[in-house]
Amino acid sequence: MAGTSDKIPDLEAVADLMQRAEAASADVPELKALELDEVLRVIGGKRAIFTGRFNGRPAIHRFYMDEPRAYAKRDWEELNRTWPYMSSGPYRVNRPLFHYPDLGLIVVKRVSGKPMLEAVWQSEKEDRAAFMPEAVKWLRHYTQPTETRRAARASSWLTKAEKRMDKQAFARLRPMLASLQAELHRLVPALDGQNWRIAISHGDFHPNNLLVADGILTGIDTGGSARLPIYKDMARFLAHMGRRGLHPSETARFGVDAATFDHFVQEFELDAVEREIWLPFMIGIEALLRVETAGLSRSRVRRAQMFFETLLDDLRSIDV
């Protein structure tokens, strides 16, 4: 096994992980085929992700540090579920290569491509909107086989979001979050008790988790296998761009790109309640869940403020 980068957050945890991997490789031939080249990221206490090779081929190595056996098993099973129908064509996932439960290790094929967010920002303004329908179709392709209906739990999602909103780092944004919270509470009675559509979801669906290359979209960091309301991944994608001030169509609704919002409506055939309440509600939930962290530039904070203001104005217009 090759060495790792010296620029590793959570160094002690990763060092311990690597020591256990080296020890295990004495008895597991497949582990001897691992070559770790570079740390992509370490998500504190949860996962360490490396580039490298497996049996001489480019690969991504995911080591799970939090409940490693359970989470690696879950994600491995989900990758193997989606690979048969997302291994060819324009909408794909990484090919699963190897799973070693004792280390919480999953190895997947490394694919070429540029993160969609980067590709969009680097494109001419008139070309940016063309990326959006394909991203929406990737998500539809991923979720459709497992879609069903279940009793809604809007209040539970709001409770979860409220636990995160206090972590907002910027005082100027906190009053707007409180106003958003009030609007979401206003919507909850109209939603609880209804049925909503759920599916096995990506769980962290945003433009940087889609790689673009030669007309192919590959979704990365998949495998969560949680059954979530289908609007959650849509909201994650839309709000990720919205709070960065990215509106490829140069029009906004609920703080996000209006045309991309409409692409989700059309591709998923959202009915009036889903379109006018559920998806806006989930965009609001996303605004509370994913708070801005210290160290962001002034321009990022300013864009976030504009996102919150527009979202709040449009949520207030919903008549329930």
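I began at the sheet and found that E1 and strand E2 (residues 47-54) run antiparallel and are joined by eight bridges; two strands count as paired if DSSP finds at least two bridges between them. I looked up Arg41 and noted Ile49 as its bridge partner in E2. Helices (H or I, at least four residues) and strands (E, at least two) are DSSP runs, numbered from the N terminus.

The model is a predicted one, in which local features need pLDDT of at least 70 and side-chain atom pairs count only at pLDDT 80 or more, while totals for chains, interfaces and linings use all residues. Residues are numbered from 1 along each chain as its sequence is written, and side-chain values use heavy atoms, with hydrogens and water left out.

I then traced the whole sheet, which is open and has five strands in the order E1-E2-E3-E6-E5, with antiparallel pairing. Its edge strands are E1 (34-43) and E5 (96-100), each pairing on one side only. The twist averages 20 degrees from one strand to the next; axes are lines fitted to C-alpha atoms, for helices over the stretch in contact, and angles run from 0 to 180 degrees between N-to-C directions. Helix H3 (residues 68-82) lies across strand E3 (57-64), E5 and strand E6 (105-109), and runs at about 155 degrees to E5.

Next I turned to helix H7 (residues 154-165) and helix H8 (residues 174-191), which pack at an angle of about 170 degrees with their axes 9 Å apart. H7 and H8 are therefore roughly antiparallel to each other (angles over 145 degrees count as roughly antiparallel). The contact (heavy atoms within 4.5 Å) involves Ala154, Ser155, Leu158, Glu162 and Met165 of H7, and on H8 residues including Leu177, Gln181 and His185. By class, I recorded eight nonpolar, three polar and one charged residues in the contact of H7 with H8; Ala, Val, Leu, Ile, Met, Phe, Trp, Tyr, Cys and Pro count as nonpolar, Asp, Glu, Lys and Arg as charged, and the others, Gly among them, as polar.

For helix H11 (residues 272-289) and helix H12 (residues 298-316), I noted an angle of about 145 degrees and axes 11 Å apart. Pro280, Ile283, Gly284 and Ala287 in H11 meet Phe307, Phe308, Leu311 and Leu315 in H12, a contact with seven nonpolar, one polar and no charged residues.

Finally, I noted that the protein chain comes to 12 helices and 14 strands, and that its C-alpha trace spans about 65 × 45 × 40 Å along its principal axes.

Definitions and conventions: Parallel < 35°, antiparallel > 145°, perpendicular 65-115°, else oblique.
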